[in-house]
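Hi,

Here's the structure I said I'd pass on. Have a look at it first, and then read my notes below.

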Amino acid sequence: KMAFAGLNDADVKAALDGCAAADSFDYKSFFKACGLASKSSDDVKKAFATIDQDNSGFIEEEELKLFLQNFSPSARALTDKETKTFLAAGDSDGDGKIGVDEFAALVKA
């Protein structure tokens, strides 16, 4: 099976292992470790479309909470604290959700 957004399975596993403990998730470390930070903007958009499970054009808080499960079904949900930190980092226009451009900026941060 194709890895998520063309990522290397070993990189994804290492990225997930790196934030296995509750409240240890750091989006910059994660995007670097899994390899998404170095992907093309097309791949980043594909990743966004996968994470945006209801196809609303935005990643809402509930989808962010389950963010890691897009990379591996057995991954944990983010804690409320992690989810809110992640959302605050990405939501540059203050609408309470993350659009595709905001997501791309997070990935490349």
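A quick definition before anything else: helices (H or I, at least four residues) and strands (E, at least two) are DSSP runs, numbered from the N terminus. Also keep in mind that this is a predicted model.

Let's start with helix H3, which spans residues 41–51. Its buried residues are Asp43, Val44, Ala47, Phe48 and Ile51. They cover an arc of only 145° around the axis, so they sit on the same side of H3.

Next up is Asp52, in the loop between H3 and E1. Is Asp52 buried or exposed? Its relative accessibility is 4%, and buried means under 20%, so Asp52 counts as buried. Leaving aside residues up to four places away in sequence, Asp52 touches Gly57, Phe58, Ile59 and Glu63.

Last, the annotation. An unreviewed UniProt entry places a "binding site" feature at Asp91, Asp93, Asp95, Lys97 and Glu102. Asp93 is in the loop between helix H5 (80–90) and E2, and at 53% relative accessibility Asp93 counts as exposed. Asp95 is also found in the loop between H5 and E2, but Asp95 is partly exposed, with a relative accessible area of 34%.

Cheers

Notes: Residues numbered from 1 in each chain as written. Predicted model: local features only at pLDDT ≥ 70, side-chain atom pairs only at ≥ 80, totals over all residues. Heavy atoms only, no water. Buried < 20%, exposed > 50% of the residue type's maximum accessible area, 1.4 Å probe, protein only. Arc of directions from axis to C-beta. Contact = heavy atoms within 4.5 Å. UniProt positions renumbered as here; feature names shortened; annotations may be inferred.
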